[in-house]
Amino acid sequence: MDSEQRRKRKRIYRPYSRAQFLSVRSLILCSSFLVFLLFLSMDRFPIRTVSFHPVLSVPSFSILSKSSLDDSFHGKLRLPLRVEDRVLFPDHLLLLVSSKIDQADKLDCVYYRVLNEATEEGKDKEIVHQGVLSTDEYDGFRSIVRCPLPPRNYSATVALRRPGDGLYYNWSLRSNQTAHLWNRMVYEAALDGKTAVVFVKGLNLRPHRESNPTRFRCQFSLGNWDKDEGLVLTTEAGAAAQEVVRCPLPRSTRNNRDRAQGIRVTVVHAGDPDVEHEPMPSAVRIHNSRSYVHRRNQRRRMENVPMPSVAKLFDSKPHQKKKKRRKYELCVCTMLWNQAPALREWIMYHAWLGVERWFIYDNNSDDGIQEVIEELDFQDYNVSRHTWPWIKTQEAGFSHCALRARHECKWVGFFDVDEFYYFPRHHRRALVGQNVLRSLVANYSSSRSIAEIRTACHSFGPSGLSSPPSQGVTVGYTCRLQSPERHKSIVRPDLLHDTLLNVVHHFRLRKGFRYLNVRESSIIVNHYKYQVWDTFRAKFFRRVATYVVDWQENQNQGSKDRAPGLGTEAIEPPNWRLQFCEVWDTGLRDYVLANFADPATGTLPWEKALL
């Protein structure tokens, strides 16, 4: 009887005991997890900053906030934004972020006060934040955030936060606490066959000339060479000119381009073996030999130090489809800043002449250019925008575009959005003008000697106008200077010299190839250079070319890049609307109206409102 009762008691209480045990265990686990989360979100350390130029650092603190925890519990996981690099420009601070940024996110830039740099009243806040200026997609790995310059007494080691987060993230500050100067660093890199093409500022190479490549080496790193982390591989440079250094890839990645994707790369100045070093002081100056030795050692240390770098190798070559598509006969590349209103006329007109593909290198525009390009692409104009945040780099940008276009295009034209190709002979003879530019270059696509076609330019003035012409520049500006100025080029990108050396208007070609000058009577470029003052004065902000002095600086005032008679301030000269007018030339205006105007209304295609 007792044994039967014991069996019944076991059957009755055993399930209850197991449930009770599991409930207690679950309660303990949940409590421990909540305590762990609260521990992470505790503001356990005071937030202070430490600054040291050029490396700026901030101690670590909490990375999780109440709002981010709430979002995670509601299925909206928002990870902290990790800032890989910071670049200090004259008018803003650029952040390279290692993730895609949701355009709906309203981000703030977070600034930390530098220690021992308080104001006289000692009332500076430890932390201040300001809204970001803009965000952009960048390469295949990172996004761009532009922040206002740090306030006085605040560090350039800036972090990011989302409004509503109670605490400030420091995820980005744990891995990289450096702010680079824009004019001394490696800023871009691209794969080209079995080589890496590296773009760098601060080498001070002579413009428009090839340099001795033995003076340079490339370093490839999977870690952070500033902290001696990761594997570093070095190769000797094979070509160098202006801001471009070309090096072979390390053997481990040379036959597998995918392995090279995302590798950080920099340039080392190895010194010039062909230049003798400074001689030792004579016996008369022997007492100064210590300063000589110091200068020599300092120079040698600088020569073998890697340049600061934000560049990662990126393969711009499009993924090959199963069925290989033909190359476009004619493409165009340009670099611009805040010229979105001019794009429609420029692209629609040249597409009619036969341009099939467009590469727009956007140099920090904030005038809604993305919407304009999307609308044009929607209308099948095959336009792509490429974020190019590096200022004073037009030549390098064109070299980069030549690499990108090489896989898609037989010919690439490099000209600005205020420059329009015109065929006077076709107009005079009433010949069909559609696709005429593409037909011109196609005649030389199989040439064994011609790799560049050069066309002279006529510079047009305001033509008596005081406001921008409503029907576009081709119709509105009809008075120009008599003599042509400079030229523009269309090149075969697969026949350029390995240095990619260019002076904006033309490239250096491979040995055995030459350029062709076309007659002005057959083809000319109308350059609407001197437009109404409200448009023209934007040129005072900054010149995009590397070796052209900004107009605010009192240098090279006789340069052809400057408008004659202008000073260093954007002040409208007397009778501006009547200047630069020597010859009335309505050829392109009549050509456009005859081929593009609506017969019923006279409206031109680029006048229509954006969809």
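**View 1. The right-handed crossing of helices α7 and α8.** In this predicted model, the crossing that α7 makes with α8 is right-handed. Helix α7 covers residues 340-353 and helix α8 covers residues 369-378, and the two pack at an angle of about 20 degrees with their axes 9 Å apart. Angles under 35 degrees count as roughly parallel, and α7 and α8 are therefore roughly parallel to each other. On the side of α7, the contact is made by A340, L343, R344, I347 and M348, while α8 brings I369, V372, I373, E375 and L376 to it. Sorted by class, the residues of this contact between α7 and α8 comprise eight nonpolar and two charged ones, with no polar residue.

**View 2. Helix α7 against helix α14.** Helix α7 also packs with helix α14, which is made of residues 587-596, and here the angle is about 75 degrees and the axes are 13 Å apart. This angle makes α7 roughly perpendicular to α14. The residues of α7 that take part in the contact are M348, Y349, W352 and L353, and they meet L588, Y591, V592, N595 and F596 of α14. Eight of the residues in the contact of α7 with α14 are nonpolar and one is polar, whereas none is charged.

**View 3. An open sheet of three strands.** The strands of this open sheet follow the order β6-β5-β9, and their pairing is antiparallel. Strands β6 (127-131) and β9 (159-161) stand at the edges and have a single partner strand each, so one side of each is left without a neighbour in the sheet. From one strand to the next, the twist averages 35 degrees. Strand β5, residues 108-112, runs antiparallel to β6, and five bridges join the two. To find one of these places in the structure, look for V110, whose bridge partner in β6 is H129.

**View 4. An open sheet of five strands.** Here the order of the strands is β7-β8-β4-β3-β10, and the pairing in this open sheet is mixed. At the edges are β7 (134-137) and β10 (179-181), each of which pairs on one side only. Neighbouring strands of the sheet are turned against each other by 25 degrees on average, with direction ignored. Within the sheet, strand β4 (residues 93-97) pairs with strand β8 (residues 143-147) in the antiparallel sense, over five bridges. L93 has C147 as its bridge partner in β8.

View 5. A pair of aromatic rings is described by the distance of the centres and the angle of the planes. The model has a count of 29 aromatic pairs. In the pair formed by Y187 and F199, the rings are 6.4 Å apart from centre to centre and their planes stand at 40 degrees, an arrangement that is tilted. Y187 belongs to strand β11 (residues 185-192) and F199 to strand β12 (residues 195-201), so this pair ties together parts that are twelve residues apart in sequence.

Note on methods
Residues are numbered from 1 along each chain as its sequence is written. This is a predicted model: local features need pLDDT of at least 70, side-chain atom pairs count only at pLDDT 80 or more; totals for chains, interfaces and linings use all residues. Side-chain values use heavy atoms; hydrogens and water are left out. Two strands pair if DSSP finds at least two bridges between them. Helices (H or I, at least four residues) and strands (E, at least two) are DSSP runs, numbered from the N terminus. Axes are lines fitted to C-alpha atoms, for helices over the stretch in contact, and angles run from 0 to 180 degrees between N-to-C directions. Angles under 35 degrees count as roughly parallel, over 145 as roughly antiparallel, 65 to 115 as roughly perpendicular and the rest as oblique. A crossing is left-handed if the near helix is turned anticlockwise from the far one by less than a right angle, and right-handed if clockwise. Contact means heavy atoms within 4.5 Å. Ala, Val, Leu, Ile, Met, Phe, Trp, Tyr, Cys and Pro count as nonpolar, Asp, Glu, Lys and Arg as charged, and the others, Gly among them, as polar. Rings of Phe, Tyr and Trp (its six-membered ring) pair if their centres lie within 6.5 Å; planes under 30 degrees apart count as stacked, over 60 as edge-to-face and the rest as tilted.
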